[in-house]
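Please open the model in your viewer and keep the selection tool at hand. The tour below moves from the whole chain to single residues, one selection at a time.

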Amino acid sequence: MSNLGVTIGLLLLLTLLFNSSLKVVAVIDDYTRSDFPPTFVFGSASTAYQVEGAAFEDGRTASIWDTFAHSVDGPGGNGDVACDQYHKYKEDVKLMVDVGLDAYRFSISWSRLIPSGRGPINPKGLEYYNNLINELINHGIQPHVTLHNFDLPQALEDKYGGWVSPKIIEDFKAYAEVCFREFGDRVLHWTTVNEANVFTLGGYDMGFVPPNRCSSPFGTRNCYKGNSSTEPYLVMHHCLLAHASAAALYNTNYKHKQHGFVGISVYLFRFVPLTDSKEDAKAVERAYEFLLNWMLHPLVYGEYPKLMIESVGSKLPIFTKAESSLVKGSADFIGIIHYQNWRVKDDPQSLMMQIRDLGADMGAKVMMLKETVTAPESLQIMIEYLKEVYGNPPTYVYENGLPMKRSSMLEDVPRVEYMHSYIGAVLDALRNGSNIKGYFTWSFLDLFELLDGYYSSYGLFYVDLDDPDLKRYPKLSAQWYSNFLKRKTVF
């Protein structure tokens, strides 16, 4: 489709988003598991650094997340022990069986599997992931595997700057091939890079996530290196090329015998204007182009959005003809990460700055407001955004959940209400024709959170960090989810 076609599609969707008569999408309230197709997958999720622990055991080396967590700019706490899933994976899989999960989404620690980033495989790392995958398969649970989640081996960051360098593309492809070769006979769903848009903005513009790179006057942390004006664009470019290279490798060498799928996940912001002004409405359009379509548009059309090309200029890398062909159509599915609404305000003065980061190039300010945390219609709208604007690709909701202050209180009624309403929104989107294939709660366990360590929790299970055995306790949400999945009365 041409840029004109995309523009028309986007305008149609924005009409849906802004028409006052459609502001509130009615989310279905009365439903059961049987209302979903038999092939629809329900699961829960975690990632390596957040649950595994054993950070310095059996040959694992540091990742950029280790380095960030142990720095003064980290969120507080670290993943050295976390939930100790490295040693307790059998216990955790048993809990998954008890809940009735169809699937478990987890990530592989690159620095556990290949400690130097490129080169020899760590036998203990290989053994662990084989054991985890086999345990899941033996209990009828699908493994959905992510290759990169904010945790590049520190060795590659030190060697050439990690994702800011094009050298990362070949190293990532080599790492992906190890995973495809060693685990692909049992793993059918691969996500190359998790929420690359947040990783890029948070890690290389604002500096609040690994690898903590930014430059003055931008950034929310004390960054000691980086360039907020240029690095976000470079990193996204390299993420897309690394993803596409890995997907092409899989399709050429493995798909015919393994029959799996390679996708990528995106943090799907749902933007609403701060005020009713035309300026804020236009700012919302720019926010979608810069923060979502920046990643999605190349995956479908092989080029960046026209608005970004015009606004960013020479800072925005250009795909060669070969690269464009490689990236276009390279995602078998899109993983959706979604939690809440974000408000957008027009910021024309930022365009007057001599030095601009991505936010200033966008000419808008984006804010998260607490009162919009629970807005299930937003998830439905964003699933349908992919249908209307990007041709209805296969999608999985890979992260969705409610943050609550970490506590031993197991009666997490607000989370139950959140899950009930958001799963209902997924069903509405499905009934409206969206190609949605699965829903995964974030998170299976209370774990080490990216933004605030052990302060908040999203888990179905409470983990007692004061207990040397890190005992797990099911919350009300775990029981509700289990009843739903087992087709018992739930609400």
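What follows is a set of stops, each with something to select and a note on what is there.

**Before selecting anything**

This is a predicted model, in which local features need a pLDDT of at least 70 and side-chain atom pairs count only at pLDDT 80 or more, whereas totals for chains, interfaces and linings use all residues. Residues are numbered from 1 along each chain as its sequence is written, and side-chain values use heavy atoms, with hydrogens and water left out.

**Stop 1: the whole chain**

Along the principal axes, the C-alpha atoms fill a box of roughly 55 × 55 × 45 Å.

Now switch to a surface, of which the chain exposes about 18,500 Å², with carbon and sulfur atoms supplying 55% of that area; accessible areas come from the Shrake-Rupley method with a 1.4 Å probe, and for residues only the protein chains shown count as cover. Of the 491 residues, 62% are buried, where buried means under 20% relative accessible area, exposed means over 50%, and partly exposed lies in between (1.4 Å probe, protein chains only). Among the contacts in the chain with a separation of 6 or more, 76% come from residues 24 or more positions apart, a contact being heavy atoms within 4.5 Å.

**Stop 2: the cysteines**

With 105° about the S-S bond, the link of Cys-214 and Cys-223 is right-handed, and both Cys-214 and Cys-223 are buried. Next select Cys-179, which is in no disulfide, the nearest cysteine sulfur being that of Cys-239, 16 Å away. Cys-179 is buried, because its relative accessible area is 0%.

**Stop 3: the loop between helix 9 and helix 10**

Select Pro-210 and Pro-211 and inspect the peptide bond from Pro-210 to Pro-211, which is cis, with omega near 10°. Pro-211 lies in the loop between helix 9 (196-204) and helix 10 (231-253). Asn-212 is also placed in the loop between helix 9 and helix 10, and although Asn-212 is not a glycine, its phi is positive, at about 65°. Is Asn-212 buried or exposed? At 11% relative accessibility, Asn-212 counts as buried.

**Stop 4: another cis bond and another positive phi**

Move to Trp-442 and Ser-443, which are joined by a cis peptide bond with omega of about 5°; Ser-443 sits in the loop between strand 12 (436-442) and strand 13 (456-457). Then select Asn-392, in the loop between helix 16 (376-390) and strand 10 (395-399), where phi is positive, at about 60°, in a residue that is not a glycine. Asn-392 counts as partly exposed, because its relative accessibility is 23%.

**Stop 5: Val-41 in strand 1**

Val-41 is found in strand 1 (residues 41-45) and is buried, with a relative accessible area of 6%. Not counting residues up to four places away in sequence, Val-41 touches Asp-102, Ala-103, Gln-142, His-144, Lys-437, Gly-438, Tyr-439 and Phe-440.

**Stop 6**

Glu-177 is placed in helix 8 (residues 167-183) and counts as partly exposed, at 24% relative accessibility. Leaving aside neighbours within four places in sequence, Glu-177 is in contact with Leu-249, Asn-253 and Tyr-254. Finally select Asp-29, in the loop between helix 1 (3-18) and strand 1, which at 51% relative accessibility counts as exposed. From Asp-29, draw a C-alpha to C-alpha distance to Ser-71: the two residues are 42 residues apart in sequence and 45 Å apart in space.

Notes
A disulfide is a pair of cysteine sulfur atoms within 2.5 Å. Helices (H or I, at least four residues) and strands (E, at least two) are DSSP runs, numbered from the N terminus.
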